[in-house]
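Here are my notes on this model, as numbered points. Please read them beside the coordinates.

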Amino acid sequence: MARINDNYPKLPVSYLFSEIARRVEAYKQSTPNADIIRLGIGDVTRPLVPSVVKALHDAVDEQAVAATFRGYGPEQGYDFLRNIVIENDFIPRGIKLEADEIFIGDGAKSDIGNFGDILSVNSTVALTDPVYPVYVDTNVMAGRGGDSVDGRWSSIEYLPCTAKNNFVPELPTSSAEIIYLCYPNNPTGTTLTRERLKTWVDYARSSEALILFDAAYEAFITEDDIPHSIYEIEGAKEVAVEFRSFSKTAGFTGLRCGYTVVPKSLQCKTLSGEKVSLNRLWNRRQTTKFNGTAYVVQRAAEAVYSPQGRKEVRDNIAYYLQNAEIIRSGLQRLGLNVYGGISAPYIWLQTPDGISSWNFFDRLLTECNVVGTPGVGFGPSGEGFLRLSAFGDQERVREAMQRIENWKI
Ligand SMILES: *Cc1c(COP(=O)(O)O)cnc(C)c1O
């Protein structure tokens, strides 16, 4: 009989979102008339912008005619998209990249998960806590997690991000070889300054670690001293891969498109110590296991960079950031400790009086009919916090905040 990958049964069943759904459902059963507002979602709600919709229609028409039909495209993405990405996302920030350092994919989640394919299963991993669960689970699947002990994986170094360190993680104390950073951060909504990010790049250079930098929320940055790309930091091209996504930037969560930057100067070593280009390995992996993102979707992504597309997308982001401000200022008026929400669509709320994440979730659900996401679901250091998302409808966000402000916590 074939053997399974024995790392999979080590993973707990996806507890967080199923448990939230279960509790919301149970409450709805007991209180059928409750008008529930969901501020827990990590998905956008605004529709695709007109420029993107037009590009989709045009590309579909091209696919309908033999003369312009396109079958398999380059696994790494079409040059029209790779080039416009470089011209818009990197050149204006003083970053020089070549088209073959950009790999167009079907979203950041798959690229982040798949990137582990080209790294040793014996590499050690460090990640911030709380964290996007994809980083943890994909490493456990690959065999880099060790064993689960009290909600932590024994082979992974957790770097706590708490109110005490203002959500700025300390450098690893283990000799972690792979480091995951996500800024602006999901779930805390906090950022790293240029100076802070530089300490990470310097650390990775001196300890020969690899940084996997998730910049999915780059478009939400409103503050001047926050880097949009890790390559704004000198020397980062030798130590970092960057993941970008059109999901939150342009509402592509259903359409699916993102890209991964793997600079040609980035190297890791073989067991015998020989240096190998990660760009070459990733290209090898993609050409074997991936057949490209849909042509029509890449044309839609291209339209995000047209002058009109950029304006339309910026308006949507401004809408979400306004939601974030409504949530943040409302909670602050109540005297609560809130973090994030300035350069990110997430607000990280410290529960009052040290109530547990799940207790606070339950009270918010049953007393205000508002759904958040318990912070502890993102890692042990998330205990005592709740994440609120700014991706909802603005009227509903206002209604939710009114209920919370009238609430006797
Ligand atoms: C939403 C999100 C992504 C984007 O995922 P896609 O697969 O591109 O939709 C990546 N990283 C984080 C932390 C996210 O929250």
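1. Overall size. A compact globule of 409 residues would have a radius of gyration near 22 Å, and the protein has 22 Å, so the two agree. That radius is taken over C-alpha atoms, and the globule rule is 2.2 Å times the number of residues to the power 0.38. The C-alpha atoms fill a box of roughly 60 × 55 × 50 Å along the principal axes.

2. Ground rules. This is a predicted model: local features need pLDDT of at least 70, side-chain atom pairs count only at pLDDT 80 or more, and totals for chains, interfaces and linings use all residues. Residues are numbered from 1 along each chain as its sequence is written, and side-chain values use heavy atoms, with hydrogens and water left out.

3. Burial and surface. Of the 409 residues, 54% are buried (under 20% relative accessible area; exposed is over 50%, partly exposed in between; 1.4 Å probe, protein chains only). The accessible surface is about 18400 Å², and carbon and sulfur atoms hold 50% of that. Areas come from the Shrake-Rupley method with a 1.4 Å probe; for residues, only the protein chains shown count as cover.

4. Secondary structure and contacts. There are twelve helices and 17 strands. These are DSSP runs, numbered from the N terminus: helices are H or I with at least four residues, strands are E with at least two. Among contacts with a separation of 6 or more, 72% join residues 24 or more positions apart. Contact means heavy atoms within 4.5 Å.

5. Domains. The assignment gives domain 1 (14-43 + 308-405) and domain 2 (53-305). Such bounds come from an automatic or database domain assignment. The two centres, over C-alpha atoms, are 26 Å apart. Across the boundary, 26 residues of domain 1 touch 34 residues of domain 2.

6. Main core. Which residues have the most contacts inside the largest nonpolar core? They are Phe252 and Leu331, in a core of 101 residues. A nonpolar core is a set of buried Ala, Val, Leu, Ile, Met, Phe, Trp, Tyr and Cys residues joined through side-chain atoms within 4.5 Å. Helix H10 (residues 307-333) gives the largest share, nine residues. Domain 1 and domain 2 both contribute, so this core lies between them. A second, separate core has 28 residues, including Val134, Trp153, Leu210 and Leu278.

7. Leu331. Leave aside neighbours within four places in sequence. Leu331 then contacts Leu336, Val338, Ile347, Leu349, Leu388, Met401 and Ile404.

8. Strand E14. Residues 346-350 form E14, and four of the five are buried. E14 pairs antiparallel with E13 (residues 338-340) over three bridges. Pairing requires at least two DSSP bridges between the strands. Gly340 stands opposite Ile347. E13 and E14 make a hairpin with five residues between them, and Gly341 in the turn has a positive phi of about 80°. E14 also pairs antiparallel with E17 (residues 385-389), over five bridges. There, Gln350 stands opposite Phe385.

9. Strand E10. How are the faces of E10 (residues 258-261) covered? Gly258 and Thr260 on one side are buried, as are Tyr259 and Val261 on the other. In a regular strand the side chains alternate between the two faces of the sheet. E2 (residues 102-105) runs antiparallel to E10, joined by four bridges, with Ile102 opposite Val261. E9 (residues 240-245) is also antiparallel to E10, again with four bridges; Phe243 has Thr260 as its bridge partner.
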